[in-house]
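Here are a few friendly notes to read alongside the model. Take them one at a time, and keep the 3D view open as you go.

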Amino acid sequence: MKQLAGAGALIATSQLPAFAEDNPEIFPERGRYERLSLSYGVVHIGLEKPFSILHISDSHLTAAYEHENEKKQKLHTRRTKTFGGRQEEALADALAWAKQHVDFVVHTGDLIDWQSEANFHLVRKFFGDSYIGSLGNHEFSPDMGYSEPKEEHTEAFKDRTRDLLQSVYPFDVRFQSQVVNGVNFITLDDVYGYVTKEQVKRFKKEVKKGFPIVLCMHVPFFSDDMWRANVRFWDDKGPMNYSALPEIKSAYKVQQEDKVTRDFISYLKKEKLLKCILAGHLHYDVQDQFSPTCRQYVVAGSFLFHGEEILFI
Ligand SMILES: [Fe+2]
């Protein structure tokens with residue numbers, strides 16, 4: 001695995017910074033790694049060189065330096081409470097575990113909760129130059145609710161800070177491919193639910209290379225079952241009633257209404273090289289069968305000391 005600084009590379013755990021060490025102050029009476037809540041999956045490809053990854057997402061770092069503006073200070077106070085204040089420890093723990101147990105790490109976005117100098121420095125501190133992942137909707141957020149103009153779910157809104165993000169994150173923030181042990185890891189930005197024509201074009205070019213593909217992105221491609229879980233988790237409308245599908249909104253609606261995305265999803269369902277989709281954004285674990293060859297794994301937030309190990313064999 002060669003390190004491709006500036007070009008993006010799946011982060012090899014051997015290259016993770018040494019600061020990510022076991023921290024005995026958290027849950028000190030528990031077993032060494034029991035403070036991490038891990039789930040597991042296996043993707044059967046028929047590889048000559050099997051390997052495993054730690055998939056984490058949604059760390060929601062909420063750091064701000066004292067010299068940063070008042071909006072950032074307010075966000076720091078408010079959002080640190082929201083996410084429990086231990087996001088950095090949780091991330092360090094996950095990376096320490098990964099360094100000892102798996103070959104690579106994939107992060108599927110919302111590593112930061114909003115843009116700040118301090119958060120950007122943490123991105124580099126935790127992942128260095130050899131980091132592949134996908135951005136989340138929060139990466140594109142200058143000040144969350146305090147933003148002027150209001151955040152829009154458009155490419156034009158992303159363009160306001162895309163160059164800034166590109167200067168911080170060491171991979172192509174729109175679309176990146178990296179072949180690891182004969183598996184093509186493709187990461188793309190779908191943070192508002194849709195994909196662009198350009199991304200579809202680049203994906204189809206990658207398919208021509210003939211490698212099995214793992215697609216990594218922030219927002220999953222929803223199924224009805226995943227949508228039920230979403231409404232349950234985020235709206236909590238009392239006893240579960242699965243007889244009727246709850247009204248489809250937000251990213252799931254976008255995926256159904258945006259023609260480019262809808263066509264891309266139909267195309268992917270028939271693409272046999274697609275073996276696995278890794279996503280986050282939802283803050284709960286959910287999996288389902290995306291297509292005959294591909295299972296989709298959505299991992300809950302790393303701020304909850306959570307991650308999932310996926311074995312590729
Ligand atoms: Fe998100």
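1. Let's begin with a sheet. Five strands make up an open sheet, ordered β1-β4-β3-β11-β2, with mixed pairing. Here two strands pair if DSSP finds at least two bridges between them, and strands (E, at least two residues) and helices (H or I, at least four residues) are DSSP runs numbered from the N terminus. At the edges sit β1 (11-12) and β2 (37-43), each of which pairs on one side only.

2. A word on the source. This is a predicted model, in which local features need pLDDT of at least 70, side-chain atom pairs count only at pLDDT 80 or more, and totals for chains, interfaces and linings use all residues. Residues are numbered from 1 along each chain as its sequence is written.

3. Now look inside that sheet. β3 (residues 51-56) and β11 (residues 306-312) pair in the antiparallel sense over five bridges; H55 has E308 in β11 as its bridge partner. Helix α2 packs on the sheet, touching β3, β4 (104-107) and β11, and its direction makes about 180 degrees with that of β3. Such angles run from 0 to 180 degrees between N-to-C directions, with axes fitted to C-alpha atoms, for helices over the stretch in contact.

4. Which residues have the most contacts inside the largest nonpolar core? They are A94, L95 and V105, in a core of 77 residues. Helix α2 (residues 87-101) gives the most to this core, with eight residues. A nonpolar core is a set of buried Ala, Val, Leu, Ile, Met, Phe, Trp, Tyr and Cys residues joined through C-beta atoms within 7 Å. Leaving aside neighbours within four places in sequence, V105 is in contact (C-beta atoms, placed from the backbone, within 7 Å) with I11, T13, I53, L54, I56, L95 and A98.

5. There is a second sheet to find. Six strands form this open, mixed sheet in the order β5-β6-β7-β8-β10-β9, and its edge strands are β5 (175-180) and β9. The twist averages 20 degrees from one strand to the next. β9 and β10 (residues 294-298) pair in the antiparallel sense over five bridges, and S291 stands opposite C294 in β10.

6. Finally, is H281 buried or exposed? H281 is buried, because 25 other C-beta atoms lie within 10 Å; the cut-offs are 20 or more for buried, 12 or fewer for exposed, and partly exposed in between, with C-beta atoms placed from the backbone. H281 lies in the loop between β8 (274-279) and β9 (286-291), and its phi is near 75 degrees, a positive value in a residue other than glycine.

Conventions
Two residues are in contact if their C-beta atoms, placed from the backbone, lie within 7 Å.
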